[in-house]
Amino acid sequence: MSDISPAEWTAILLSLRVAIIATLVATPFGIALAWLLARRDFWGKSLLDALVHLPLVLPPVVTGYLLLLTFGRRGLVGGFLADHLGIVFSFRWTGAALACGVMSFPLLVRPIRLSIEAIDRRLEQAAETLGAAPWKVFFTVTLPLALPGVLAGMVLGFAKAIGEFGATITFVSNIPGETQTISSAIYSLIQTPDGDAAAGRLVIVSIALAIGALIAAEWFARRATQRLHGN
Amino acid sequence: MLRVDVEKQLGEFSLSASFSSEGRVIGLFGASGAGKSSLVNMIAGLLRPDRGTIAIDGETVDDTAAGIHVPTYRRRIGYVFQDARLFPHLSVAQNLDYGRRMNGLAPDPAQHKRIIDLLDIGALVDRRPGKLSGGERQRVALGRALLSKPRLLLLDEPLGALDEGRKLEILPYLVRLRDEANVPMVYVSHDVAELRQLATQIVMLKQGRVTSLGGVKVLT
């Protein structure tokens with residue numbers, strides 16, 4: 001591992017930054033959505049549920065292209081954000097984070113939703129009889145009990161984000177140092193003569209990160225069960 | 001103290017109950033399915049009556065005609081459930097402190113100590129709810145409800161999930177509570193012996209209707 005080149009390190013660190021930011025920004029939205037899907041009945045719920053899962057089944061290149069149309073410089077949302085808030089996504093690492101956030105969103109939401117559904121609602125009733133307003137019930141009972149699920153979702157989302165390729169390269173291209181993540185670096189390397197060794201090293205890094213994430217997610221899931229049983 | 005006059009349709013079952021009481025412990029007696037729990041849940045605000053009024057300590061908390069429905073968390077009641085419902089992610093001490101924190105009450109060490117001594121739960125405070133026996137759990141649940149300083153304590157078959165031995169272990173605590181805690185209670189049970197020991201007044205329910213009202217003598 002000691003012979004990882006500076007260029008490869010750049011791709012690895014960029015991937016980590018993109019995936020960490022994507023996960024941290026997506027998590028509050030993921031929690032809100034998971035709660036909505038687990039606890040509320042409203043018109044259009046199945047449509048929303050389908051929409052959340054769409055990036056999982058849509059060709060990534062389609063998701064990336066839709067992001068380009070919406071969040072690109074001339075896109076409806078992208079233009080507004082660039083003009084009014086100075087936030088630019090196209091061909092920037094921020095755009096890579098957005099693409100990764102969207103692509104990993106279904107994996108983030110699912111464990112959170114499952115863990116909220118597993119909570120005994122009678123505990124929330126008990127909290128209410130003790131004087132807790134609904135938002136306090138959420139922060140003192142629902143969220144702490146769902147926390148292992150939240151962490152599991154974050155780990156899975158992070159793992160997905162770090163490996164995302166199709167939507168990212170479509171939306172923000174493959175610029176070394178700016179948008180070239182591990183995946184796009186591997187893609188470039190295997191198209192270059194003599195790139196095999198470098199590609200191989202990045203492949204090993206990818207596999208290690210993915211396995212680490214799966215083990216961590218499993219560990220959090222086990223913690224969830226313990227927590228619900230009060231041990 | 002407590003005035004109830006409500007109607008509620010729950011599927012095939014219709015509940016229509018009216019009583020008022022100044023008693024220290026109102027025993028709500030009836031077979032399972034008589035509507036006792038639904039009635040208590042309406043007093044707690046967890047269930048909304050179709051029609052009628054409920055007043056606790058002179059405050060109207062439900063009045064369907066006037067569109068009043070005070071949410072549970074503002075009713076200042078305590079509720080002890082059959083299954084304790086301690087928060088599994090909190091220690092016993094944190095469970096006991098929960099109501100005080102949620103209501104923004106100042107710490108009251110004297111009251112805290114009094115209730116912990118009354119219920120003999122001082123040795124349990126550092127444990128997790130998962131490590132308690134059924135009887136211990138129920139005593140902690142009682143303490144948790146009392147420490148939120150309720151103006152009315154609702155107990156829905158608090159001994160229902162315990163075996164005979166455990167029941168006999170908890171009953172004396174309930175008697176002490178009645179005599180020393182100075183909080184009016186609604187005690188739901190289908191057990192005549194329990195109510196004879198605890199209640200000062202009985203409301204008898206049968207298939208969703210109040211069939212008798214009065215002292216413990218009506219339990220024959």
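**View 1. Pro111(A) in helix 5 of chain A.** Pro111(A) lies in helix 5 (residues 93-117) of chain A; helices (H or I, at least four residues) are DSSP runs numbered from the N terminus. The model is predicted: local features need pLDDT of at least 70 and side-chain atom pairs count only at pLDDT 80 or more, while totals for chains, interfaces and linings use all residues. Residues are numbered from 1 along each chain as its sequence is written, and chains are lettered from A and ligands numbered from 1 in the order in which they are written. Pro111(A) is buried because 26 other C-beta atoms lie within 10 Å; the term buried requires 20 or more other C-beta atoms within 10 Å of the residue's own, with C-beta atoms placed from the backbone. Leaving aside neighbours within four places in sequence, Pro111(A) is in contact (C-beta atoms, placed from the backbone, within 7 Å) with Gly149(A), Ala152(A), Gly153(A) and Leu156(A).

**View 2. The side of chain A that touches chain B.** The contact takes 19 residues from chain A and 22 residues from chain B. Helix 6 (121-129), helix 7 (134-163) and helix 10 (196-228) of chain A each give two or more residues to this side of chain A. Helix 6 of chain A provides the largest share, 6 residues.

**View 3. Confidence in chain A.** The mean pLDDT (the predictor's confidence in each residue, from 0 to 100) of chain A is 91, and 98% of its residues reach 70 or more. Within chain A, confidence is highest in helix 6, at a mean of 96, and lowest in helix 10, at 86.

Definitions and conventions:
Contact = placed C-beta atoms within 7 Å. Buried ≥ 20, exposed ≤ 12 C-beta atoms within 10 Å, placed from the backbone.
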